[in-house]
Amino acid sequence: MGLSKDIGARVCAVKGDAHKADELVRDYLPFITSETAKFMARRPVAGVDDELGIAMFAFHEATQVYDRQRGAFLTLAARMIRNRLIDYRRREARHTRVVSLDAPQFEQDGDENKTLLDQVDSGHDEIGERHTRAATRTEIEEFTRMLASFEVKLTDVAENCPKQERTLDACRRALTYAREHRDMLDRLERTGKLPISDLAEGSGVERKTLERHRKYLVALLLAYTNGFEIIRGHLCRLDAHQGVDAR
């Protein structure tokens with residue numbers, strides 16, 4: 001097959017040369033076939049099994065991204081072949097689960113003539129709900145990362161939430177004061193610390209109350225000032241008429 005003793009050097013030499021890259025794929029077809037067979041648990045048949053063509057493409061792709069400083073080429077090629085084959089299998093599995101919209105559904109309260117298409121326009125916005133769930137998940141992940149930079153966890157917020165109405169009212173006053181004085185928020189974001197002394201003096205709330213509920217206050221301020229629309233509705237709701245709104 002005319003294989004080079006140093007496959008890495010040969011791969012580096014074929015980069016940008018489609019003809020040489022194709023030659024390399026042909027020379028290493030036994031290797032590609034072997035890796036495909038490992039995945040399929042049988043030898044692939046050329047012209048019949050799509051997996052072999054996908055593996056050849058993955059090998060060619062590996063020649064274009066290989067870096068000699070990051071390990072052996074054949075190890076990279078084997079990994080990329082397997083990854084592409086896994087992706088292919090997943091796509092195929094999704095396709096096999098496609099159901100005809102006209103297929104009858106047999107579990108609809110005895111209505112055996114009802115089809116899946118009949119159920120689509122049911123007034124239930126499932127697509128909208130999926131989008132909302134995805135948006136919520138993304139927002140929670142982003143909010144969690146931001147809280148971590150302030151050494152706060154989501155569980156801390158729930159545990160640190162004021163339990164008594166009097167304390168909750170005091171925290172509301174502090175939050176309102178902080179939001180009305182942008183410098184407070186700027187200092188929080190810049191330093192990662194709640195300016196408790198100035199907040200206590202400006203809002204008239206006792207320092208010890210602010211210190212006791214620091215994590216709760218930090219979380220609320222971050223939620224209200226960084227566009228976390230969905231999060232706001234889940235952090236111990238604060239009534240707008242009592243001084244804190246969702247603007």
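## Where burial begins

A residue counts as buried when its relative accessible area is under 20%. Glu51, with 9%, therefore falls in the buried class. Please keep in mind that this is a predicted model.

Glu51 has a salt-bridge partner in Arg89, and their closest N and O atoms are 3.6 Å apart. The two sit 38 residues apart, with Arg89 in helix 5 and Glu51 in helix 4, so this pair links distant parts of the chain. Arg89 itself is partly exposed, at 37% relative accessibility.

Because Arg10 belongs to helix 1 (residues 7–14) and Asp27 to helix 2 (residues 18–27), the pair ties together parts that are 17 residues apart in sequence. Arg10 and Asp27 are both buried.

Arg182 and Glu189 give another example, with their closest N and O atoms 3.2 Å apart. Here Arg182 is partly exposed, with a relative accessible area of 41%, and Glu189 is partly exposed too, at 34%. Elsewhere, a network of salt bridges links Glu165, Asp169 and Arg172.

## Aromatic rings

Four aromatic pairs are counted in this model. In one, the ring centres of Phe59 and Phe73 are 5.3 Å apart and the planes stand at 90 degrees, which makes the pair edge-to-face. Phe59 lies in helix 4 (residues 50–65) and Phe73 in helix 5 (residues 73–96), 14 residues apart, and the pair links these distant parts of the chain. Phe59 is buried, with a relative accessible area of 0%, and Phe73 is buried at 1%.

Phe73 also forms an edge-to-face pair with Tyr66, at 5.4 Å centre to centre and with 80 degrees between the planes. Tyr66, like Phe73, is buried. Ring pairs join Tyr28, Phe31, Phe59, Tyr66 and Phe73 into a cluster.

## The nonpolar cores

The largest nonpolar core has 31 residues, and the members touching the most others are Leu194, Leu210 and Tyr216. Helix 7 (126–149), helix 9 (165–180), helix 10, helix 11 (196–203) and helix 13 (214–225) each supply at least two of its residues. Helix 13 gives the most, with nine residues.

Setting aside neighbours within four places in sequence, Leu210 is in contact with Ala174, Ile196, Leu199, Ala200, Val205 and Leu217. There is also a second, separate core of 26 residues, which includes Ile7, Met40, Ala77 and Ala78.

Which residues are buried in helix 10 (residues 182–191)? They include Met184, Leu185 and Leu188. These three cover an arc of only 95 degrees around the axis, so they lie on the same side of helix 10. After helix 10 comes Gly192, whose phi is positive, near 80 degrees.

Val157 is found in helix 8 (residues 154–160). Val157 is buried, with a relative accessible area of 2%. The C-alpha atoms of Val157 and Lys215 are separated by 6.0 Å, although the two residues are 58 apart along the chain.

Key: Residues numbered from 1 in each chain as written. Predicted model: local features only at pLDDT ≥ 70, side-chain atom pairs only at ≥ 80, totals over all residues. Heavy atoms only, no water. Buried < 20%, exposed > 50% of the residue type's maximum accessible area, 1.4 Å probe, protein only. Helix = DSSP H or I, 4+ residues; strand = E, 2+ residues; numbered from the N terminus. Arc of directions from axis to C-beta. Core = buried A, V, L, I, M, F, W, Y, C linked by side-chain atoms within 4.5 Å. Contact = heavy atoms within 4.5 Å. Phe/Tyr/Trp six-rings, centres within 6.5 Å; stacked < 30°, edge-to-face > 60°. Salt bridge = Lys/Arg side-chain N within 4 Å of Asp/Glu carboxyl O.
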